[in-house]
Amino acid sequence: MHYYGDEIGMEGDKDPDCRRCYPWNWDQRAEESGQRAELLAYYKRLIAVRKDNPALRHGVFRTLEADPHHPFYAFERHSPDSRCIVALNRGDHDRALPLSPDLLATELLSNHPIRADHVTVPARQAIIVRLAASDPKALAQRLYWREGLNQTATARKFNELGMPHPAGRKWRQKDIAALV
């Protein structure tokens, strides 16, 4: 949840201190402007990432990892044209989050491509990863011929991975038959 003033690190306490006046001239005070400007830039980047990725606004939600004994949480959101993973690490140690090698991944806050079968979530930080499908034909052939999945199971795997269908619908057995 975001409350007014969070974007510049405004502090508050319990009622009535929770309704402080917004410091409209914060950027003119040298002792406050550096850190607050950095935080504001971070919020602006988060807003831009959300605007540019439809799945983050209205995609289907699925928890990937949640363990009450570890301060790490990851979830996925996907829509017909976008798929993202958000991972939050509140712990004191970096965490590795596995990624499918069949997908192209980009960390959106830094805009760096991920060229591995996992992404590292630094301690006390969060990441947002956009996943894009690699070549559907190559993936279908690998799943069907090398991993031995039948056409129906391959279609199911495509849908689980969020592989966008050219017609904007779910993959079916006959779609896979055309690829293999």
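**Exercise 1.** How many nonpolar, polar and charged residues does the lining of the largest pocket have? Describe this pocket in the predicted model.

*Solution.* Start with the volume: the largest pocket holds about 480 Å³ of space. Its lining consists of 15 residues, and those closest to the centre are His2, Tyr43, Leu46, Ile47 and Arg50. Next, sort the lining by class: 9 residues are nonpolar, 1 is polar and 5 are charged. Finally, assign the lining to secondary structure. α1 (30-52) and β2 (72-79) each contribute at least two residues. The most comes from α1, which gives 7 residues.

**Exercise 2.** Which elements each supply at least two residues of the lining of the second largest pocket? Give its volume and composition as well.

*Solution.* The elements are β1 (60-66), β3 (82-89), β4 (95-98), α3 (136-146) and α4 (151-161). Of these, α4 has the largest share, with 3 residues. The space in this pocket is about 280 Å³. Its lining has 18 residues, and Arg62, Arg83, Leu99, Ser100 and Leu161 lie nearest the centre. By class, the lining divides into 9 nonpolar, 1 polar and 8 charged residues.

**Exercise 3.** At roughly what angle do the axes of α3 and α4 cross? Classify the crossing and list the residues in contact.

*Solution.* The two axes come within 10 Å and cross at roughly 130°. In handedness, α3 passes α4 in a right-handed crossing. On the α3 side, the contact is made by Pro136, Leu139, Ala140, Leu143 and Tyr144. On the α4 side, Gln151, Thr154, Lys157, Phe158 and Leu161 take part. Sorted by class, the residues of this contact are 7 nonpolar, 2 polar and 1 charged. Leu161, one of the α4 residues in the contact, is also among those nearest the centre of the second largest pocket.

Definitions and conventions. Residues numbered from 1 in each chain as written. Predicted model: local features only at pLDDT ≥ 70, side-chain atom pairs only at ≥ 80, totals over all residues. Heavy atoms only, no water. 1 Å grid on protein atoms, 1.4 Å probe; cavity = no way out; pocket = protein on both sides within 12 Å on 5 of 7 lines; lining within 4 Å. Points joined across faces, edges and corners; volume = space filled by probe spheres on them. Helix = DSSP H or I, 4+ residues; strand = E, 2+ residues; numbered from the N terminus. Nonpolar A, V, L, I, M, F, W, Y, C, P; charged D, E, K, R; others polar. Axes fitted to C-alpha atoms, helices over the stretch in contact; angles between N-to-C directions. Left-handed = near helix turned anticlockwise from the far one by under 90°. Contact = heavy atoms within 4.5 Å.
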